[in-house]
Amino acid sequence: MARHVFLTGPPGIGKTTLIQKASEVLKSSGMPVDGFYTEEVRQGGRRIGFDVVTLSGTRGPLSRVGSAPPPGKREYRVGQYVVDLTSFEQLALPVLRNADSSRGLGQRVCVIDEIGKMELFSQAFIQAVRQTLSTPGIVILGTIPVPKGKPLTLVEEIRSRNDVKVFNVTKENRNNLLQDIVMCVQNGRK
């Protein structure tokens, strides 16, 4: 039976919106939920990057268009976006470590939106996700990209796990998936 729930689909299809709605439903049912999601940053109608936003409301840059890395730092780039690895790790890693350290406190949901190219520049993040996947009492509700180009090792590991249910989000089904996602997460914690 699936314990972890992941959404996949093309960019802009509504994965993050579904994750946010599912998180609210789960919280209102009394389930402890923590984690983070990524959000587009727009300026003058144009996307200039992405921020990481924790469910407790802390926000920081994940990437920006063409911005240079801080002096002395290696540049991590996905297309036109330069990834701010330090900012990402400062926000995402404590959330994952908190999920892991809450072992024994009952069932918890850890939201990870998303596990994609930008996030996978962080070896510490990869290690923390693997740890969280194998931590008893933690159910991950996350998003992964659709496969294209070179496979992303961690994403393929997640897809092939027998304790993972992957929902493929489309324009046709995105408005009807919320209840199935919530039920799957609730069943995964039993």
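User: Why does Ile140 count as buried?

Analyst: Ile140 has a relative accessibility of 0%, and buried means under 20% relative accessible area, while exposed means over 50% and partly exposed lies in between (1.4 Å probe, protein chains only). The value falls under the cut-off, so Ile140 is called buried. Before we go on, a word about the model: it is predicted, so local features need pLDDT of at least 70, side-chain atom pairs count only at pLDDT 80 or more, and totals for chains, interfaces and linings use all residues. Residues are numbered from 1 along each chain as its sequence is written, and side-chain values use heavy atoms, with hydrogens and water left out.

User: Where is Ile140, and what makes a residue its contact?

Analyst: Ile140 sits in strand β8, residues 138–144; strands (E, at least two residues) and helices (H or I, at least four) are DSSP runs, numbered from the N terminus. A contact means heavy atoms within 4.5 Å. With neighbours within four places in sequence set aside, Ile140 is in contact with His4, Val5, Phe6, Cys110, Ile112, Val129, Thr132 and Leu133. Ile140 and Gly35 are 105 residues apart in sequence, with 9.1 Å between their C-alpha atoms.

User: Val129, Thr132 and Leu133 came up there. Which residues of α3 are buried?

Analyst: In helix α3 (residues 123–133), the buried residues are Phe125, Ile126, Ala128, Val129, Thr132 and Leu133. They cover an arc of only 165 degrees around the axis, which puts them on the same side of α3. That arc is taken from the directions that run from the helix axis to the C-beta atoms. Turned away from the buried side is a face with the exposed residues Gln123 and Gln127.

User: Why do the buried residues of α4 line one face of the helix?

Analyst: Leu154, Val155 and Ile158 are the buried residues of α4. Looking down the axis of α4, they fall within an arc of 100 degrees, so they line one face. Thr153 and Ser160 are exposed on the other side of α4. The cover over the buried residues of α4 includes β1 (4–8), α3, β8 and β9 (164–168).

User: What makes Val164 buried?

Analyst: Val164, which belongs to strand β9, has 12% relative accessibility, so Val164 counts as buried. Apart from residues up to four places away in sequence, Val164 touches Ala2, His4, Phe6 and Ile158. Val164 and Lys117 are 47 residues apart in sequence, and their C-alpha atoms are 20 Å apart.

User: How do you know that the span of α1 is close to the expected one?

Analyst: The expected span of a helix is 1.5 Å times one less than its number of residues. With its 14 residues, α1 reaches 20 Å from its first C-alpha to its last, close to the expected 20 Å. The buried residues of α1 are Lys15, Leu18, Ile19, Ala22, Ser23 and Leu26. They cover an arc of only 135 degrees around the axis, which puts them on the same side of α1. After α1 comes Gly30, with a positive phi near 95 degrees.

User: Why is Ser23 called buried, and which residues does Ser23 touch?

Analyst: Ser23 has a relative accessible area of 2%, so Ser23 is buried. Beyond residues up to four places away in sequence, Ser23 touches Val33, Leu55, Val111 and Leu141.

User: What lies in and around the largest pocket?

Analyst: A pocket here is an open set of points on a 1 Å grid over the protein atoms alone, where a 1.4 Å probe fits, with protein on both sides within 12 Å along at least five of seven lines; lining residues have an atom within 4 Å of a point. The largest pocket holds about 860 Å³ of space. Its lining has 33 residues, and the closest to its centre are Pro11, Lys15, Phe50, Glu114 and Pro145. Elements that give two or more residues to this lining are α1 (15–28), β2 (33–43), β3 (46–54) and α4 (153–160).

User: What can you tell me about Phe50 and Glu114?

Analyst: Phe50 lies in strand β3, and its 17% relative accessibility is why Phe50 counts as buried. Among the residues that Phe50 touches are Glu39, Pro61, Tyr81 and Met118. Glu114 is in the loop between β7 (108–112) and α3. The peptide bond joining Asp113 and Glu114 is cis, with omega about 15 degrees.

Methods:
Points joined across faces, edges and corners; volume = space filled by probe spheres on them.
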